[in-house]
Amino acid sequence: MAQPPRVKSPMGTIHVASAKEYPISTALTGIVTRLKAGAMHEPHWHAHANEWHYVARGKVRVTLFATDKRLATAEMSPGECAYIPRNCGHSIQNIGTEDCELVGVLDSPRYEEATLSDWMRRAPRHLLANNLGLSEEAFTPGRKGKAAVIA
């Protein structure tokens, strides 16, 4: 935790301990996610790893979007764990009144994630417009960069 977070915003931080930071870590990546009240780690997925979360503090809602079109939502409190399968889209939202903290693990030595906002930024505007019933102008290029912790 002495190292700078991989992701930092006014709404929270994500610290990562992967093989990049600790070369001896050849099989796992550790993650500590801290979210302010009302904040959310945006919808994302890990194409190369399963993920486990342990709620250390606060109350969160974990929402999964499975590849078979199923949706699952769970509200979790300290001491509870969540398992998120590889390639399963998910978001984590702090639904409590205080900051929350999750300790997570990926079964991979590297940390990679694809975000919904990045996917939408890269998708052809006409494809989004046709499927969502909006004009192409509604889909302006979004932010670039790392995962977001948003309000």
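**The open sheet**

Six strands make an open sheet, in the order β1-β2-β3-β10-β5-β8, and the pairing is antiparallel. Strands here are DSSP runs of E with at least two residues, helices are runs of H or I with at least four residues, and both are numbered from the N terminus. Two strands pair if DSSP finds at least two bridges between them. β1 (7–9) and β8 stand at the edges with a single partner strand each, so one side of each has no neighbour in the sheet. From one strand to the next, the twist averages 15°. That angle is taken between axes, which are lines fitted to C-alpha atoms (for helices over the stretch in contact), and it runs from 0 to 180 degrees between N-to-C directions.

This is a predicted model, in which local features need pLDDT of at least 70 and side-chain atom pairs count only at pLDDT 80 or more, while totals for chains, interfaces and linings use all residues. Residues are numbered from 1 along each chain as its sequence is written, and side-chain values use heavy atoms, with hydrogens and water left out.

**Strand partners**

Strand β3 (residues 29–35) runs antiparallel to β10, and seven bridges join them. I31 has G104 in β10 as its bridge partner.

Strand β9 (residues 89–94) has other partners to show. β6 and β9 pair in the antiparallel sense over six bridges. Within that pairing, T63 stands opposite S91 in β9. Strand β4 (residues 40–45) is also joined to β9, by three bridges, and these two run antiparallel. Here H44 has H90 in β9 as its bridge partner. Is β9 mostly covered or mostly exposed? It is mostly covered: five of its six residues are buried. Buried means under 20% relative accessible area, exposed means over 50%, and partly exposed lies in between (1.4 Å probe, protein chains only).

**The nonpolar cores**

A nonpolar core is a set of buried Ala, Val, Leu, Ile, Met, Phe, Trp, Tyr and Cys residues joined through side-chain atoms within 4.5 Å. The largest one has 13 residues. V60, V62, M76, I92 and L102 have the most contacts inside it. β6, β8 (81–84) and β10 (100–106) are the elements that give two or more residues to this core. β6 gives the most, with three residues.

Take L102. Which residues does L102 touch, not counting residues up to four places away in sequence? They are I31, V32, T33, H53, Y54, V55, V60 and I92. Contact means heavy atoms within 4.5 Å. There is also a second, separate core of seven residues, which includes V7, I31, A49 and Y111.

**Salt bridges**

A salt bridge is a side-chain nitrogen of Lys or Arg within 4 Å of a carboxyl oxygen of Asp or Glu. By this rule there are nine salt bridges. Three of them are listed here.

| Pair | Closest N to O distance |
|---|---|
| K59 and E75 | 3.9 Å |
| R110 and E112 | 2.7 Å |

K59 lies in the loop between β5 (51–57) and β6 (60–65), and E75 lies in strand β7 (residues 71–76), so their pair ties together parts that are 16 residues apart in sequence. K59 counts as partly exposed because its relative accessibility is 36%. E75 is partly exposed too, at 45%. R61 has a relative accessible area of 25%, so it is partly exposed.

Now the R110 and E112 pair. R110 is partly exposed at 40%, and E112 is partly exposed at 39%. Elsewhere, salt bridges that share partners join R34, R57 and E101 into one network.

**Cysteines**

How many disulfides does a search of the whole structure find? It finds zero. A disulfide is a pair of cysteine sulfur atoms within 2.5 Å. C88 is buried at 6% relative accessibility, and C100 is buried at 0%.

**A helix residue**

N131 is found in helix α2 (residues 125–132). N131 counts as exposed, with 60% relative accessibility. The C-alpha atoms of N131 and I92 are separated by 26 Å, and the two residues are 39 residues apart along the chain.
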